[in-house]
Amino acid sequence: MFADVVVPRTPLDELTYRFAPEEPGELHPGDIVRVPLRRKTVTGAVLRVRADTEISPEEIQPVIDVVASQFITPDLLRLLRWAADYYVCHLGEVLELVLPQIVSGKAEAVTAEIGAAENGFNSLPSELEQAFNAGNFGVWVTAQRSEFQKLLFDFIRRAFSNGSVIILMPEAYRTEFLPLLRRVWGERVIEYHHQMGKKQQKAAWQAIVRTNHVVVGMRSAVWLPVRRLSGVILVDENAESFKEERVPCYHARDVAVARARFASCPVLVFASPPSVETWWNLRRGKYHLLDRVNFRIDRTNVFVVDMRQHRRELVSPRALRDLRNALKQQQIALCYINRRGLSRYVECADCGTVLKCSRCQSPYILSGAGRVRCRVCGAEDEAPERCAVCQGMNFNYRAPGVDMVVRELKRLGIECQSVTGGAQDVQLAAADAGATGFAPVLVGTRTVLRSDRLRVPGLVVFLNFDTEFTIPDFRSRERAFSLLVSLLSRKPSRLIIQTTRPEDPLLELALQGKVSSFLDQELKLRAEAGFPPYKRLVAVEFSGEEKTVVNWVNKMVSELSVLPGIELLGPVKLLQRRQGNPQFRLIVKLPANLMPAKVIDRRKLRHPRIRVRIDVDPREML
DNA sequence: AGCACGCCGACT
DNA sequence: GTCGGCGTGCTC
């Protein structure tokens, strides 16, 4: 008999080994086995057992022994194949996610045990209840926080009486929900994520694979080889951390849905507002909406400031007044700006000349300590005191960042501090403020908003909302809209939106809470332009010595462009980050119903001296 | 990914 | 005549 075995942490697919049925005992798909590979013994997973093979007998090695029988469940085996096909990677790379390094492949023998049956819970919406009864897959979406909180515990109870529940949520939600979950399910609630330290993570993994639990994690938890998956919950599908940056660059939402489909269990998604992809699935009846997506928004404390009236200012008089009031009342005030640093380009206030890089003529970025830096070639220089053309000494700082805002606010006599780190940073700053009785204005990029998610924010100022939706990226309008709507739904005591495009329908629809209208419009735009969800994008990145890469990319472009139904965007040379090899990025647009691996052949892209990285469903175009 | 093989230059 | 640099290619 022969077994097709996949070895984690290798860029390999199945390798065939032989076994005598009586020797290691009978082998099954999902077994964890030890096999010889080269001159070593490695641990792998059996994907398939069969009676014949095309490989010549002298090349075939025997299975050494079985570490754990039927450890990987059939639904997870299907997920492995799906993920390798979808994310255009090897099975070995996906298996690594299921059997991570920390457990070194030594999985314990497993006992299947069903969670304690629980009584006395409220019944779920009938369709969802039916799905649980019949053991059916389905995706249920809720957009209202109150509704989601009502459903959450009943969904878990219902699912947990049947097997394990995997809950995927960002850190900010975890700090809120974990204590509540622990109060009900005690020890059966287990955290699993990368912030918890290797030792703890290993202990969590071993407990989770032994018996049923309520698992709470971020994206990696979606791959856990739980005994029996009976429900998945995904909170805040717009959270950026659901997308993995390393290969395979999976999105936890998509993996969760695929996994639930193979495991035939329901998925509950809290999406406020839903993503365009989810909205499309709701519209065509693939997902079920449990409530409404639109919000009732109280506009009395929301102000849109037309910055065309205040061209030269970073902070409008209205915002300035409110920030001063907030300081006086010791209320938490947040200033949001989309960029870090001081300024993305500097121009002479007198003649309009833009400071440019001496080497490549790209606009210089003003960084701290009076220096300028080129983001294309990495050159760095002393910031000049005078304009080279007219000798003027006044400069305008366009497209300012966090540091510039801090500088400007301080000049205006506003106590403030920048927040750069994670959510904890702001919690700390807030706690600090509570202790000292003084709350400076907090200035930052997205984290500054995320931090305050769980409480009602005080004053929030969007300093330059334009940069949110004018970025040339098909997702930028969706991102800007969801940022605004999720903030509005948290009802800040006062919100100021500074923009030079107050008439943009995006703003009006957000301020009216008309989520469905916006998403419908967005779907129309995506359909017309041929973007997701109507098309699928795959980014292929090449890096290496410039000349070699250019030649190779051109060759790949000519090979890919002849394929039917394929459209190529680029290639584009990416802005260089510090020193290193130049990177080129090619975006392949394919029909949404095609599996990427059916079109993109990894082996053909390979080149000995070029690093190739494939990102399916990239988050950004650049 | 690792790891061996192999073909070239520098050294005993 | 040997050691070791890394470019190339394979793993059942």
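In this predicted model, a backbone N or O atom of Gln61 lies 2.7 Å from a sugar or linking oxygen of DNA strand C. Gln61 is one of the residues that surround this DNA strand; the others are Leu12, Leu15, Thr16, Tyr17, Pro36, Leu37, Arg38, Ile55, Glu59 and Ile60. Of the atoms of DNA strand C that come within 4 Å of the protein, 58% belong to sugar and phosphate.

By residue class, the surface near DNA strand C consists of seven nonpolar, two polar and two charged residues. Strand 2, residues 15-18, and strand 3, residues 32-37, each contribute at least two residues to this surface. Strand 2 provides the largest share, three residues.

DNA strand B has a surrounding set made up of Pro11, Arg38, Arg39 and Lys40. Here sugar and phosphate account for 25% of the DNA atoms that come within 4 Å of the protein. The residues near DNA strand B comprise one nonpolar and three charged, with no polar residue.

| Protein residue and atom | DNA strand and atom | Distance |
|---|---|---|
| Gln61, backbone N or O | DNA strand C, sugar or linking oxygen | 2.7 Å |
| Thr16, backbone N or O | DNA strand C, base oxygen | 2.6 Å |
| Pro36, polar backbone atom | DNA strand C, phosphate oxygen | 3.2 Å |
| Lys40, side-chain N or O | DNA strand B, phosphate oxygen | 2.5 Å |

In the case of Lys40, the side chain supplies the atom that approaches a phosphate oxygen of DNA strand B. For Thr16, a backbone atom lies 2.6 Å from a base oxygen of DNA strand C.

Another part of the protein contains an open sheet of six strands with parallel pairing, in the order 14-24-23-15-22-21. Its edges are formed by strand 14, residues 302-306, and strand 21, residues 416-419, each of which pairs on one side only. From one strand to the next, the twist averages 20°.

Helix 9, formed by residues 317-328, lies across strands 14, 15, 22, 23 and 24. Strand 15 covers residues 333-336, strand 22 covers 441-444 and strand 23 covers 459-462. Relative to strand 24, helix 9 runs at about 150°.

How values were computed
Residues numbered from 1 in each chain as written. Chains lettered and ligands numbered in written order. Predicted model: local features only at pLDDT ≥ 70, side-chain atom pairs only at ≥ 80, totals over all residues. Heavy atoms only, no water. Near = heavy atom within 4 Å. Polar contact = N/O pair within 3.5 Å; in protein donor to acceptor, adjacent residues only side chain to side chain. Nonpolar A, V, L, I, M, F, W, Y, C, P; charged D, E, K, R; others polar. Helix = DSSP H or I, 4+ residues; strand = E, 2+ residues; numbered from the N terminus. Pairing = 2+ DSSP bridges. Axes fitted to C-alpha atoms, helices over the stretch in contact; angles between N-to-C directions. Contact = heavy atoms within 4.5 Å.
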